[in-house]
Amino acid sequence: MSSPAIRITDLRKMYRVRHERRPSIKRTIIRLLRPYPTDVLWALDGVSFCAERGEAVGVIGSNGSGKSTLLRLIAGILRPTEGSVEVQGRASGLFELAAGFHPELSGRDNIQLTGALMGQSREEIQQRYESIIEFAELADFIDVPVKTYSSGMSLRLGFAVAIAFEPEVLLVDEVLAVADEQFQRKAYKHLERLQAQGSALFMVSHEMAAIERMCSRCLWLDRGTIVEDGPTPDVIGRYLSAQGDENDGA
């Protein structure tokens with residue numbers, strides 16, 4: 001029996017939140033002798049699950065529930081405080097517009113830079129140059145600095161690079177919402193193709209329609225723990241019902 005694409009075991013991530021007031025000479029001197037008071041925040045607290053190859057999993061929850069932290073731990077951007085993350089194969093993520101891009105470099109140079117950071121050889125990157133540019137629809141702008149790109153252009157280039165090397169695990173955090181409808185359709189179609197080839201997809205979004213379209217399974221996170229893990233329509237229905245109850249009681 002093959003191993004799952006992702007295995008998460010009792011995953012916990014802690015942050016220390018420091019309480020600071022407006023600086024002054026007196027406070028600066030005091031803080032040299034006495035540290036700022038801190039609170040402990042568990043962004044994730046005992047999360048466990050597996051995802052199979054070819055499975056598409058949506059991750060929903062209110063702001064601050066731990067969704068983005070979970071994806072960054074799977075991607076290896078963050079290290080867990082406790083627990084383990086096992087990923088079979090390469091994980092590629094699309095988290096923020098132009099994340100990892102150097103604003104002074106051209107789109108072409110950023111393809112080379114980002115590909116290298118993903119562990120790809122110069123030859124592999126060169127082989128995919130034209131397909132990346134074509135998918136991003138940026139042929140007329142590929143040699144100008146990324147700092148001149150609109151948010152939609154940055155998204156197109158970031159997405160094209162993220163999918164170009166056909167990772168075994170693809171992580172998408174919200175960003176497709178800024179793309180125009182035509183690019184969204186093309187992006188979702190390509191995600192479906194990667195999934196059919198065996199890539200696991202993790203998608204964080206506040207757009208329930210996007211989660212329902214792409215994901216047969218859904219995780220509902222709240223305050224760093226999994227509230228529900230099950231079929232997408234069922235989980236979304238209960239999540240929206242709970243959100244309505246909270247709003248009625250506010």
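1. The strands here, β8 and β9, are antiparallel partners joined by 6 bridges. Two strands count as paired if DSSP finds at least two bridges between them. Strands (E, at least two residues) and helices (H or I, at least four) are DSSP runs, numbered from the N terminus. In this hairpin, which has 2 residues between its strands, Arg-223 takes a positive phi near 50°.

2. A word on what you're looking at: this is a predicted model, where local features need pLDDT of at least 70 and side-chain atom pairs count only at pLDDT 80 or more, while totals for chains, interfaces and linings use all residues. Residues are numbered from 1 along each chain as its sequence is written, and side-chain values use heavy atoms, with hydrogens and water left out.

3. Now the whole sheet. It is open and mixed, with 6 strands in the order β5-β6-β7-β3-β8-β9. The edges are β5 (91–94) and β9 (225–231), each of which pairs on one side only. From one strand to the next, the twist averages 15°. Angles run from 0 to 180 degrees between N-to-C directions, with axes as lines fitted to C-alpha atoms, for helices over the stretch in contact.

4. Have a look at β3 (residues 56–60) next. It pairs with β7 (residues 200–204) in the parallel sense over 4 bridges, and Val-57 has Phe-202 as its bridge partner in β7. β3 also runs parallel to β8, again with 4 bridges; there, Ile-60 is partnered by Trp-220.

5. Which strands does helix α2 touch? Helix α2 (residues 67–75) packs on the sheet against β3, β5, β6 (169–173), β7 and β8 (217–222), and its direction makes about 150° with that of β6. Contact here means heavy atoms within 4.5 Å. The helix is mostly covered, with 7 of its 9 residues buried; among them are Lys-67, Arg-72 and Ile-74. Just after α2, Gly-76 has a positive phi of about 90°.

6. Helix α6 (residues 181–196) lies across β3, β6 and β7, at about 145° to β7. α6 turns up again in the second largest cavity, giving the most to its lining with 3 residues. That cavity holds about 40 Å³ of space, and its lining includes Leu-170, Leu-191, Leu-194 and Gln-195. The lining divides into 5 nonpolar, 2 polar and no charged residues.

7. How many cavities of 30 Å³ or more are there? The count comes to 2. A cavity is a set of points, on a 1 Å grid over the protein atoms alone, where a 1.4 Å probe fits but cannot get out; lining residues have an atom within 4 Å of a point. Grid points are joined across faces, edges and corners, and a volume is the space filled by probe spheres set on the points.

8. The largest cavity has a volume of about 60 Å³. Its lining includes Val-172, Glu-174, Tyr-188, Met-203 and Glu-207. By class, this lining has 8 nonpolar, 1 polar and 2 charged residues. Ala, Val, Leu, Ile, Met, Phe, Trp, Tyr, Cys and Pro count as nonpolar, Asp, Glu, Lys and Arg as charged, and the others, Gly among them, as polar.

Note on methods: Buried < 20%, exposed > 50% of the residue type's maximum accessible area, 1.4 Å probe, protein only. 1 Å grid on protein atoms, 1.4 Å probe; cavity = no way out; pocket = protein on both sides within 12 Å on 5 of 7 lines; lining within 4 Å.
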